[in-house]
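Have the sequence and the 3D view ready, and follow along as we go.

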Amino acid sequence: MTKWYEPGAAGYDEQRALFNAMIDRRPRVIAACAGPADVREALEHAIREGLAVAVRSGGHSVAGQSTNDDGLVVDVRPIKGVEIDVVARRARVGSGCTWGEFDAVAQEHGLATTGGRVSTTGVAGLTLGGGSGWLERKYGLSCDNLLAVEMVTADGREIRADETQHQDLLWASKGGGGNFGVVTALEFRLHPVGPAILGGLMAWPLAQGVEVARAYRDWADDAPDELGSGLVVISGPPEEFIPPYLQGEPLIAIAVCWTGDRVAGEDLVQVMRDLSPAVDLVGPMPYAQLQSMIDDPPGLRQYWSADYHDTFPDAAVGVFLDAGAGRPSPLTQHLLLPWGGAVARVEPDSTPLTQRGARWVSHPFATWEDAADDDANIAWVRDYRRANAPFTTGGVYLNFIGDEGDERIKAAFGADKYERLVAIKSEYDPGNVFSGNQNIRPRTTV
Ligand SMILES: Cc1cc2nc3c(=O)[nH]c(=O)nc-3n(C[C@H](O)[C@H](O)[C@H](O)COP(=O)(O)OP(=O)(O)OC[C@H]3O[C@@H](n4cnc5c(N)ncnc54)[C@H](O)[C@@H]3O)c2cc1C
């Protein structure tokens, strides 16, 4: 049964909060939906009352697109449930689940699919935007493993899109975002993963950045698909596993997720170990633990962006490290992620996402506490993008950016696929009821 939260009601403020503390919007009503019938009721209410609609799952949209001011939020968080078919290696996941909830159940069977790197992110929002995670070079993006979606469309129809019906909608849901309806369930292909994998972090003082970053780039570039990894500039957290002299200091770190043969993984990791990391936490660990290793608490302010690269030459490494050294906030993570492997091997037209062959994704991820520091942190992200521009392809992965305008949305899909998405949007949501997202405008909207 739908639970309605209006301003002043108990729980309203908890319900409206998103992960990004910069987002402080006050919807007219939040409809907490437990199933498709509730979603239909909420949509009917919004249309009857002329309310703008936002759809919320894990609440991790950095731009706050899963809420609004004075509109209606369809909150699917109560739609839980993870069912695993171990023989068929398939999972059916309620759209209110987080990756932590999905991974926990799938890992009981030693199974997983590519999911976000933070356990509190929503399965729905992340997958609908593509879905990048540690397993992607072996198994593709989350959306490459999406077999079916169930959704309620703007006109109240309950639709299942799979390989036999509404194939266009399944295709559009593999990266085209929440543009087409409210997703209530998703089905995924699963793979044997762990439960123990070889993973963790290694870190060096940022003063060694050039040596480590170049070595990492060459290492990750050539690595087998079983290696998921990332390069990140961070500040040493005040944790006992960080030597006191490095706490609060800028570090260059690598994250490792090796899902192949243990001995081969140890040999591979040795290449980076030979650079004598000051912190070495790489070892056997449960995959589900790795999936929450970089979880940040909610309540911090966030602004991010991202770009694709075909190569990451030494000059790009220099720009990356200079920006890392100049982060205004010690909470900011400055990331470089390698794509390639299965991400690149898909049929180019199998999803709406373009430039699947991009080799690297740069991802400045500004995080800070105080509103007084907003301008400095936003400027840092924008300045990095400007300095980094000579090395980028012009393509972008939308899950990693905020609201950066129509041209960036088009750049994520390329002209032909964007037109195909517009045609599908025009069929399923001609009135653009679902506009609170990286919006694809239907042809009929003026
Ligand atoms: C800390 C953090 C870590 C992240 N790590 C990764 C990562 O490793 N890989 C990656 O690819 N991305 C990552 N992201 C980005 C993330 O994938 C996107 O922000 C995604 O949109 C979040 O999904 P959500 O369900 O949590 O968010 P929400 O804010 O609930 O939703 C975001 C958007 O998704 C759509 N949506 C959500 N649920 C539904 C639904 N049921 N039906 C229809 N549309 C829906 C809506 O358009 C909504 O505006 C991360 C984000 C954060 C904050």
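Start at serine 66: one of its polar side-chain atoms lies 2.6 Å from an oxygen atom of the ligand. That pair is a polar contact, meaning N or O atoms within 3.5 Å of each other. Before going on, know that this is a predicted model, where local features need pLDDT of at least 70, side-chain atom pairs count only at pLDDT 80 or more, and totals for chains, interfaces and linings use all residues. Residues are numbered from 1 along each chain as its sequence is written, and side-chain values use heavy atoms, with hydrogens and water left out.

Glycine 125 has a backbone N or O atom 3.2 Å from a ligand oxygen, and a polar backbone atom of glycine 436 is 3.3 Å from an oxygen atom of the ligand. So how much of the ligand's accessible area does the protein cover? On its own the ligand has 950 Å² of accessible area, and the protein covers 95% of that (areas by the Shrake-Rupley method with a 1.4 Å probe).

Who does the covering? The ligand is surrounded by 33 residues, each with a heavy atom within 4 Å of it. The closest are Ser57, Gly59, Ser66, Ser132 and Tyr397. By class, the shell has twelve nonpolar, 19 polar and two charged residues; here Ala, Val, Leu, Ile, Met, Phe, Trp, Tyr, Cys and Pro count as nonpolar, Asp, Glu, Lys and Arg as charged, and the others, Gly among them, as polar. Helix 4 gives the largest share, four residues (helices are DSSP runs of H or I with at least four residues, strands are E runs with at least two, numbered from the N terminus).

Now zoom out. The domain assignment, automatic or from a database, gives domain 1 (3–75), domain 2 (82–192) and domain 3 (196–400). Eleven residues of domain 1 are in contact with 14 of domain 2, contact being heavy atoms within 4.5 Å.

Most residues other than glycine have a negative phi, and most peptide bonds are trans. Aspartate 70, though not a glycine, has a positive phi of about 70°, and sits in the loop between strand 3 and strand 4 (72–75). The peptide bond from glycine 194 to proline 195 is cis, with omega near 5°.

Methods. Polar contact = N/O pair within 3.5 Å; in protein donor to acceptor, adjacent residues only side chain to side chain.
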